[in-house]
Structure formats: C-alpha cells, structure tokens
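Here is a short tour to read alongside the viewer. Take a moment to orient yourself before we start.

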Amino acid sequence: MFPRAAIIWASILVSASASNYTLSFRSSDVVANLNTITRVLTVERDAKPVQTILMDQDLGSVTAFEQLAEGFKLTNSDGEVTEFTIDWDGEDFSLFTVARRSRHRSRMVVDCVKLGGDVNWFGGPTQFTQYWPVQKQKFNEYAYINKAEDSCNIAERYWLNSLGSFVYVDEEAPLFVDQNYGQPGYLCLEAKKSLPFDVHDDTYSFVYQIGVGRDAREAHMGAVRRILGKPTGHPAEEMVRYPIWSTWARYKKEINDTVVYVFADEIYKNGWKNGQGQIEIDDDWETCYGSLEFSSSKFPRMIHTVGVLKAKGFPRVTLWVHPFVNKDCEPVYSEAVRNDYLVRNHSGQTEAQWWNSEPEGSVHLDFTKPEVAEWFTERLKRIQSETGIHGFKFDGGEPSWMPEDPVLNGPRSKHPLLITDSYLRTVAKFEHLAEVRSARRTQDLPIFVRMNDKHSSWGTMNGLPTLIPTLLLLNMVGYPLVLPDMVGGNGYYNQFPSKEMFIRWLQATVFMPSIQFSIVPWDFDEETVRISKKMTDLHERFTPKIMERFKLSVSEGYPVNPPIWWVSPDDVEAQKVFDQFMLGDDIIAAPVVRNNVRARDIYLPEGEWVDGNIATVYVGPRWIRNYSVPLHILPYFVRKGVKIY
C-alpha cells in the first residue's frame, strides 16, 4: 500500500477535440505528463526530467478518458485500452505501471525509451561484447529471451538510468528490442506475437513499470524491493575462500581418474594448501550424455576416486551436469520417451541439438513437469549417496536448446521462458555447492550464477576486457552471487592465454566472489606461480568482506560487486568507468585488463581511500593518473577507517 494522501490525479482537456489530451499525474514529488498528440510520456522528479518515452501510435487516436481509483484509462478509436496506474508512492521511491492488455495478435506495440544526452544506462542482457554503460549497445528486432546466441544467457527486462529512473518490462510480454537502430538514441520495446514466443493465443499483454528514486541507487533498491527480489541464501564459504579447480579448460574431454589424481597432486605440489580447495570434474564423465552414470573406463570406482581426492587434500568434489539426453544414450533416452519426459513442440517433435550432439541428435528434459524435476533430482541424489560427490555445476538452461515453439506446462504467455525458471528451481535444491549459467527472474535463488564462457583473448569480443562489465551487469540486474569464468578463459579455438593474460585475469577476479582455475599457474613459470599464490592469499584475506556482503545481499538485496558510482550516484565520471568495480561499499578494485600495460588511470569517487599496496591516502573524487602497475601489482583501495581481517 502507499500513502493515499500523497497522490493527486488530474486530467486537463487542452483542446475541444476529444482526441487531444494532456494528462498529468503526481506521486509525491514525481510528475508524469502524457501528451496524446505527440505521444510523449515525460517523467520528472523535483521538476527535472528523468525519463522520456515515445509511445506507440495506438495513443494517437484517443477517444475516451476514464479516471480510475489509482490512475486513468485511455481508449482509442479501435477500442484498445491503455492504463496508467500508481503502484507505490514513498518518500524515496515511486512506481507506476503502463499496461496494454488483450492486444490482438495482428497488432504490434512499440514504445521507445530515450537514451540520448548525458544520461548513462545500466542493465539489459549479457552479450559477447559487453558495454558498460549500455547505451551504446545495438540491437535490431532482438528477441528478448536468454539464449546461447551472443552469450545472452541472462536477459532481465530491466534498464536503469543515472538520473534515478528505470523501466522494467513484465515477463509475459512477447518482447523484442531495437536499440540504436531504427531510432538512434532510443531503446524501442516491441511487443508482438512472433517466435520464439508463443504464437497460438489470439491476444497478448504488454505491461511495464517505471520506477523513480532520488538517485540511481535509490531507484535500483526500489526495484529490488518491489520487482527483482533478493537471494534467499548464499553459496558456502568454502566456494568463496578457496579456489575451484576445474578440469575443463586444461583437459577438455580427455579426463579419467588418473588425470584427476595428477591434477590434484600438481595443485598441492605447487603450494596450494592441503584441504582447502574444490575439484570440479567437467565434461565427459558419463557413459553417454544424459545417462548420469559414470563411464566404467574413465571412472570405474567413483566412490574410491572421491576418497582418493579427499586423501590428497580436496574435501569437496563437484560434477558437471546438463539438462539434455542424446538420442543414442540408452536406456535413459527410451525411458524418457516412454514416460513423456521430453520437451515437445506443437508438432509433437522432440529432436533438438546442443554442443555435444549432432543436429536433431538430442532431446531436452521438460522441467516444467513436476515428475521430470523429481526424476532428475532423485538421480542426482543417487550419485551423491553412491559416490560421495558433494555438489554440481549445472550447464545449459536457455530456451534456445529446446525445439522451437515448445509446448510447456504453464501459461502460454511465459513460453518458452518457463524452461529456465523450472530447470533452475529444480537444481537449486542442491544450493550451497551449486552453480548455474543461465537465469530468468530467479534472483531469489541462493546459488552462484556463473558468467558466460570467456575467450582467452584481450579483445572486447568476449575477452578479458568484458569480465568486469559482465560482473557489473549481473549485479545490477539482481544477481549479486556471481561466479567469474575460469582464470585465463576457456582456451577455445586453440587460443590459450599468455603469461601476462593469465596473471591479469587472476588479478581481475581477486575481489570477485570466487576464483576458478583450470589452466594453471605452473603451465607458465615460477614467477606466475608466485604471483598467483599471492593473489589467492589476498582473496582469502578479503573473504570475510565477501561473506559480509553476501549476507547483506540476502537481508537487504545489495549488490556484492557494484559499479563505483554506487557510493556516489550523481558522480558522472564514476558512471562511465567500466574497468573498475567495488566489493561492497568500501573496497575499490582497479585491475589491468589490457595487454602490455604498466601504468593506468584510476578514478576514486567521493571519500578517503587508502591504497592497498603502499598505504597512501587519497581524497576523492579524483583521478590518479599513470598509476604504476607492474605485472605483480593489483591496484585496490580501501575506505579509510574500514577494518580488514
């Protein structure tokens, strides 16, 4: 509820023509003005514009106005209704809704949010080329679902601007986006009945909310409290404090128990503490993809293998898992077909493809069916009870791996997005030692959300420079429990990191929630091992601060690694910084993410900041020019007076 006395509604007829209205509504100190002739909706706070939206042509022929209890309703000459209603009115935050319901499938609705001027924007989807701020991103009729294409494994419908206002589009809208295409300087939100969304109902709804806060931080926290939500728990401290050692990038599919033993021995021999790490067995441990049975030639006695790894000093062993079954994987495939456990499209077909199958060589389990979720869960529990495996790395989850135009168990308006939600809520039962790579309105889950696989590259196309922008984006669309990708990237396309790339990549993850190795320091030289040990020790030293922030993300919804403008929301310089980030409100990390760099500029927002390397105190806001960054140095700054454990 909201304080009703604070709300004033008014409608003003400015012309004798019934189609010419200027409509205003006020919520506390927020005013929205809609001109039905120009179709421009302008939102102001304290008499300053914070949001401008060019609305669809359906408002160009308004014939009727009706005042509602909490808003007003417009009807056009085709009988189509647009409603404006206030949802929340508070001292620091206001929220209202623009709703078009029961639009006929033959109609497309397009509202365009103005991006131009000096306004910076944050949010939107993850991408190969990850801009920060995001207003330079380009999209052309981009189907707004999370998908494998473009590394768009997360696509929350949330865009926040530096003036303290956001737009959030309801998940039931069949949403496409045009950004900087048809109308440069605009983010156009297009709702239309078209694949990959459900195309079988005659009508659809297009609803979005506009939030306004005193600044960007207050607006975002309003979104967290009213829309996005917050985690209900967090990963185990053991996944934070000590490195995760994965077999993937170093060995790919060439793994067996002997390979894993050698890997464990090397980790210990090169100086990482006994009993303080996690071994993650990645791809190709199954008899066939989807069996959830260990290959007898690779891991003939998995309970013994887990015991050996524990004896070698690795108390936690986790396993890579996916939601697919290859058609040649028997008897599991036949069992899934017989029990109708597979995603089917409207033609009844189940065939699909993923990265470990031939075209039409796999099927996707339908987690929207409770019996499938239970079957999958019980099979994983059996693995744990029979082998001692502790947790899982869950891959996949994006709708694009299913047959197109699927039939799922749930409202058609949420197809095909339901699969991500259902899959993640199934696997999140393994919570504290679990990780996933996709997400969709699952900010409440208490598990790590892993970044998309990064290329072992210095380039802005999914290379090291995109690591920090991806971290910032995930935090600012409501996913603070971020697991960064493996140090040095995944080594795809026979591109492996250089020594310098490896070290800089590791430094970039020190103040992120966890460190994952696969390519390892001793693949290079002794100096790399020495620097890497120093960096993992630094991460361990700051683990209490990470855990402290985890707890705040659960209790309050705060980001763990916010952008540096978080502590000074009106600082325009801070808003543009894409290669620094914070841990909580008191630590600034400024790693090097470019090749052959030995000096960099660093921006410090308002406050007193102590250099973590030389104890010099700086007073912000200010730039530090040409800060020396030899290969062994990670620049970081701690707010003066903050205790470090």
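How far apart do the end C-alpha atoms of residues 557-641 lie? They lie 25 Å apart, and the span is 5% helix and 41% strand.

## About the model

This is a predicted model, in which local features need pLDDT of at least 70 and side-chain atom pairs count only at pLDDT 80 or more, while totals for chains, interfaces and linings use all residues. Residues are numbered from 1 along each chain as its sequence is written, and side-chain values use heavy atoms, with hydrogens and water left out.

## The C-terminal span

UniProt, in an unreviewed entry, places "domain: Glycosyl hydrolase family 31 C-terminal" at residues 557-641; such annotations may be inferred rather than shown by experiment.

Helices (H or I, at least four residues) and strands (E, at least two) are DSSP runs, numbered from the N terminus, and two strands pair if DSSP finds at least two bridges between them. Strand β34 (residues 636-639) runs antiparallel to β31 (residues 587-589), joined by three bridges, and I588 stands opposite F637. Three bridges also join β34 to antiparallel β32 (residues 599-611), where W609 stands opposite R639.

## An enclosed helix

Ten of the eleven residues of helix α10 (residues 499-509) are buried, so the helix is largely enclosed by the rest of the structure. Buried means under 20% relative accessible area (1.4 Å probe, protein chains only). Among the buried residues are F502, R504 and W505. Their cover includes α9 (467-476), β29 (516-517), α11 (526-541) and β30 (581-583), where contact means heavy atoms within 4.5 Å.

Key. Buried < 20%, exposed > 50% of the residue type's maximum accessible area, 1.4 Å probe, protein only.
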